[in-house]
2 protein chains.
Amino acid sequence: MKLEEAKQKFVEAWGTLGTNWGINRTMAQIHALLLVSDVALTTDEIMDKLDISRGNANMNLRALIDWGLAERKVKLGERAEYFTGEKDIWKVAVRIIRERRRREIDPLRSTLRDLRLIDDKEQKKEEYKAFIKLMDDIDGFAASADKITDKMVMSDQSWFYGSLMKLIIK
Amino acid sequence: MKLEEAKQKFVEAWGTLGTNWGINRTMAQIHALLLVSDVALTTDEIMDKLDISRGNANMNLRALIDWGLAERKVKLGERAEYFTGEKDIWKVAVRIIRERRRREIDPLRSTLRDLRLIDDKEQKKEEYKAFIKLMDDIDGFAASADKITDKMVMSDQSWFYGSLMKLIIK
DNA sequence: ATTATCTTTCATTTTTTTTTGAAAGTTCAG
DNA sequence: CTGAACTTTCAAAAAAAAATGAAAGATAAT
């Protein structure tokens, strides 16, 4: 297999993975393209390589920048904007975790805590207690997951591959 | 807020979460409905409460069973099938992790390892080396995530809330 | 101030995903 | 064996999500 072919397959695989995890295909593909590119790319190059429209390229590039997964670069004397991707997989993971938490997990936890506050009258029912327990269980689990990912976000890669792994092996 | 209202809001919130993570809304909603129900439900009751068709209910119930998140129950002397949801959030989490890994992460890792084996001729290029490194980095990160989730799947809840948390606090 | 180059927006179109519902399939009591 | 009760399937329809592309908006050079 040639390098170019491998790169293309990687872009496809990353796109599929994104789709399965609720990230749109193009956003994941642009990300993959930037990951495998050793040079910064213009919007036109991205449009060309992925065969997508200007609007699509622009919107998804903006989303990637918003997630902290891509960066704008300006070249002296050139009008066109260039884009690069964060190559450090650790950082990529940390940013994805941070964004998804902020956008989805935090609001969910907030909802769970609201739902917990149901009318007192019904509190004696078993069904009521079970519901409260469910909300608490889910929120408790989310809190733990939060702590782990917090630690990941705060620490560096070596903590993850080192201390954490030592615990896991035991 | 009344209990029934809170349950309904939970079903909606869980459906939204599912959607964001690539799980279809109905599957997540049926799951939520089974989570908050203290009794087993028939297909007709699910259709009725979520206002969905028989086919939809049937397909998504099957998917949930496939994921190990719901179970069929037969009541003596009754023809209709009843369904229950796994109430233990720890088990729910473990099953979701296991299934997603099996369906998505494992195939991705296998692809990454294939892509690593590119033609020798090009091996001297910096670009080649960078590509190999990327594949290795992603696979390495995935391997670590695998180990943690493996340990989760193998251990019980107390390991997660206990030993792991002790490490995190430090 | 004008023009050329590049970026952004968003109403419309296209694609993808999900849902429907009727028909076929299954199971079992009588 | 027959038919009632229930489940499953899947082609077609509907809904949701994503992509297009042309027009409007910037920006900078002349």
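Let's start with the whole assembly. Chain B can be laid on chain A by a turn of 180 degrees and a shift of 0.0 Å along the axis, with an RMSD of 0.0 Å. That is the relation of a two-fold axis. The superposition is by least squares on C-alpha atoms of residues with pLDDT of at least 70 in both copies.

A word on ground rules. This is a predicted model: local features need pLDDT of at least 70, side-chain atom pairs count only at pLDDT 80 or more, and totals for chains, interfaces and linings use all residues. Residues are numbered from 1 along each chain as its sequence is written, while chains are lettered from A and ligands numbered from 1 in the order in which they are written.

How do the copies meet? Through the same surface, because 100% of the interface residues of chain B are also interface residues in chain A. Contact means C-beta atoms, placed from the backbone, within 7 Å.

Now the helices. Helix H1 of chain A, residues 3-20, packs on helix H6 of chain B, residues 126-154. The angle is about 30 degrees, and the axes are 11 Å apart. So H1(A) is roughly parallel to H6(B); that label covers angles under 35 degrees. Axes are lines fitted to C-alpha atoms over the stretch in contact, and angles run from 0 to 180 degrees between N-to-C directions. Helices are DSSP runs of H or I, at least four residues; strands are runs of E, at least two.

Which residues touch? A:Leu3, A:Ala6 and A:Lys7 of H1(A) meet B:Glu127, B:Tyr128 and B:Phe131 of H6(B).

Last, chain B's hairpin. E2(B) and E3(B) have six residues between them. The strands run antiparallel, joined by five bridges; pairing takes at least two in DSSP. B:Glu71 has B:Thr84 as its bridge partner.

Terms used:
Parallel < 35°, antiparallel > 145°, perpendicular 65-115°, else oblique. Contact = placed C-beta atoms within 7 Å.
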